[in-house]
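Please look over the following notes beside the model before you set up any calculation on it. They are arranged as numbered points.

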Amino acid sequence: MPDFVGAVDQGTTSTRFMVFDHGGNEVAKHQLEHEQILPRAGWVEHNPVEIWERTSAVLQTALNKAGITAADLAALGITNQRETTVVWNRRTGRPYYNAIVWQDTRTDRIASALERDGHGDTIRTKAGLPPATYFSGGKIQWILENVDGVRADAERGDAIFGNTDTWLLWNLTGGVNGGVHVTDVTNASRTMLMNLETLDWDDELLALFRIPRAMLPEIRPSSDPAGYGTTTTGGPLGREVPLTGDLGDQQAATVGQVCFAPGEAKNTYGTGNFLLLNTGTELVRSRSGLLTTVCYKFGDQPAVFALEGSIAVTGSAVQWLRDQLGIISGAADSENLAAQVEDNGGIYFVPAFSGLFAPYWRSDARGAIVGLSRFNTNAHLARATLEAICYQSRDVVEAMAADSGVHLDVLKVDGGVTANNLCMQLQADTLGVPVSRPVVAETTALGAAYAAGLAVGFWSNTDELRANWNESKRWEPAWDKARRDDGYAGWKKAVERTLGWVDVD
């Protein structure tokens, strides 16, 4: 068997390709950013063709840099930004419209109407999700209703939908020349269209969004020995490699963090924050504003579920300090600036740029900086930004404890923000539990590689994967209970100030 497994990690701001060995060690990596298209307030788009071109480029470059070839890959996995919606023509391969990104809020009227008309509980019960702009169903409906010719083509079976995993799998397996139109259960569970009990598209949910079933990809396991096809000889790898792993990015990170037992949790810090708690084969219905989602499905084994707290803006709040305010020149500068002060100086920053996701689900919220006095400096704002990342995560941890009865002993963390030592210390302080970062921080790509490798026997079982996990750094809480409680009370007060800012029909 070849020595390595590859993983495409198609994210919100960039696409990377990574190659791992049997020990889960990084062998090769290349990454390219893509354009963030912002046509108007609340709209966020990507160019699907650019994403495919970037994917092709990183595949070739990573292998060349490492001096290996596609023949050295036992299998290929894909992980992706979830909910980001692409609709394209299966005959021409051309998208009808830009990809509508998960952060986009243009579907707020669709989501509000579903709730107002009494359909919210149906969606929550069947799909495990609240009606929200976050998910794919409303985005598909918007394209069908607002882009000329799409509905007619969809009724004929020519216009098809996929999140970015499906778009890439279709192109990698030949595109207009026999490309495979598939997704996995984790991505399907983020659409508001899949029934969590049947793991199939639900006709009642499809009717609510007026989406023809023919548009939708076949739902497959996250790790599939039968595979989703192979790369083509005419594609970027130049030869056939089995495609056997597909997971939404946060589920992939959960697999990469080897959270295979009920009660184990991880938090990924990227553009947003995503905290997942493995609940095993049991569907746990949230009463506290969390999502019930598929965690993974390996082959013919039963699906494993999770509770998820999705937070829209965390790492991107640091980018806002850099790009819009110009008070830092790079993300790493936020730590140095925030470290110049001992506390937040009484200010709180709630970065509700796209409304508030879990556990509030308030599309009428907008960002606010509160508690300002002339005493405050840009260092206080930098620290309040890092604290916002941590307090939003505490909101989710509190909701998870209420729903599941699980109280964390330790929080496993991954993602770019975990390089910020001050932020991770603040996370331990605000939660009151240790925070642990693994040696391989790129757990999203690693999880996709694990799913692909398990399917072809590159790894024989999850015990082998657990043996690969090693801790790189641990942060212990330093705040006492009084400081932790006072800080959180201030945060909750600040959140209240953001609500009701935008009128939503």
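1. Basis. This is a predicted model, in which local features need pLDDT of at least 70 and side-chain atom pairs count only at pLDDT 80 or more, whereas totals for chains, interfaces and linings use all residues. Residues are numbered from 1 along each chain as its sequence is written, and side-chain values use heavy atoms, with hydrogens and water left out.

2. Overall dimensions. Along its principal axes, the C-alpha trace spans about 65 × 50 × 45 Å.

3. Secondary structure and contacts. The protein chain holds 16 helices and 22 strands, which are DSSP runs numbered from the N terminus (helices: H or I, at least four residues; strands: E, at least two). Of the contacts with a separation of 6 or more, 73% are between residues 24 or more positions apart, where contact means heavy atoms within 4.5 Å.

4. Burial and surface. Of the 505 residues in the protein chain, 62% are buried; buried means under 20% relative accessible area, exposed over 50%, and partly exposed in between (1.4 Å probe, protein chains only). The chain exposes about 18,200 Å², and carbon and sulfur atoms supply 46% of that area; accessible areas come from the Shrake-Rupley method with a 1.4 Å probe, and for residues only the protein chains shown count as cover.

5. Helix α4. Helix α4 (residues 136-146) is largely enclosed by the rest of the structure, because 9 of its 11 residues are buried. Its buried residues are Ser 136, Gly 137, Gly 138, Lys 139, Ile 140, Gln 141, Trp 142, Ile 143 and Leu 144, and what covers them includes β6 (85-89), β7 (99-100), α2, α5 (150-156), β8 (159-163) and α8 (203-209).

6. The second largest pocket. This pocket has a volume of about 300 Å³. On a 1 Å grid over the protein atoms alone, a pocket is an open set of points with protein on both sides within 12 Å along at least five of seven lines, and lining residues have an atom within 4 Å of a point; grid points are joined across faces, edges and corners, and the volume is the space filled by probe spheres set on them. Which residues lie nearest its centre? Among the 18 lining residues, these are Ala 111, Pro 131, Ala 132, Trp 361 and Ser 363. Helix α2 (residues 108-116) supplies the largest share of the lining, 4 residues. The lining divides into 9 nonpolar, 5 polar and 4 charged residues, with Ala, Val, Leu, Ile, Met, Phe, Trp, Tyr, Cys and Pro counted as nonpolar, Asp, Glu, Lys and Arg as charged, and the others, Gly among them, as polar.

7. The loop between β18 and β19. Backbone geometry deserves a check here. Most residues other than glycine have a negative phi, and most peptide bonds are trans. The peptide bond from Ala 358 to Pro 359 is cis, with omega near -5°, and Pro 359 is found in the loop between β18 (348-350) and β19 (368-370). Trp 361 lies in the loop between β18 and β19 too; its phi is near 55°, a positive value, and at 18% relative accessibility Trp 361 counts as buried.

8. Asp 395. Asp 395, in helix α12 (residues 378-404), counts as buried at 3% relative accessibility. Its C-alpha is 6.8 Å from that of Pro 359, 36 residues apart in sequence, and, leaving aside neighbours within four places, Asp 395 is in contact with Pro 359, Tyr 360, Tyr 488, Trp 491 and Lys 492.

9. Arg 210, in the loop between α8 and β12 (218-220), has a positive phi near 55° and is partly exposed, with a relative accessible area of 47%. Pro 302, in the loop between β16 (291-296) and β17 (304-311), is exposed at 58%; not counting residues up to four places away in sequence, Pro 302 touches Thr 281 and Lys 297.

Definitions and conventions
1 Å grid on protein atoms, 1.4 Å probe; cavity = no way out; pocket = protein on both sides within 12 Å on 5 of 7 lines; lining within 4 Å.
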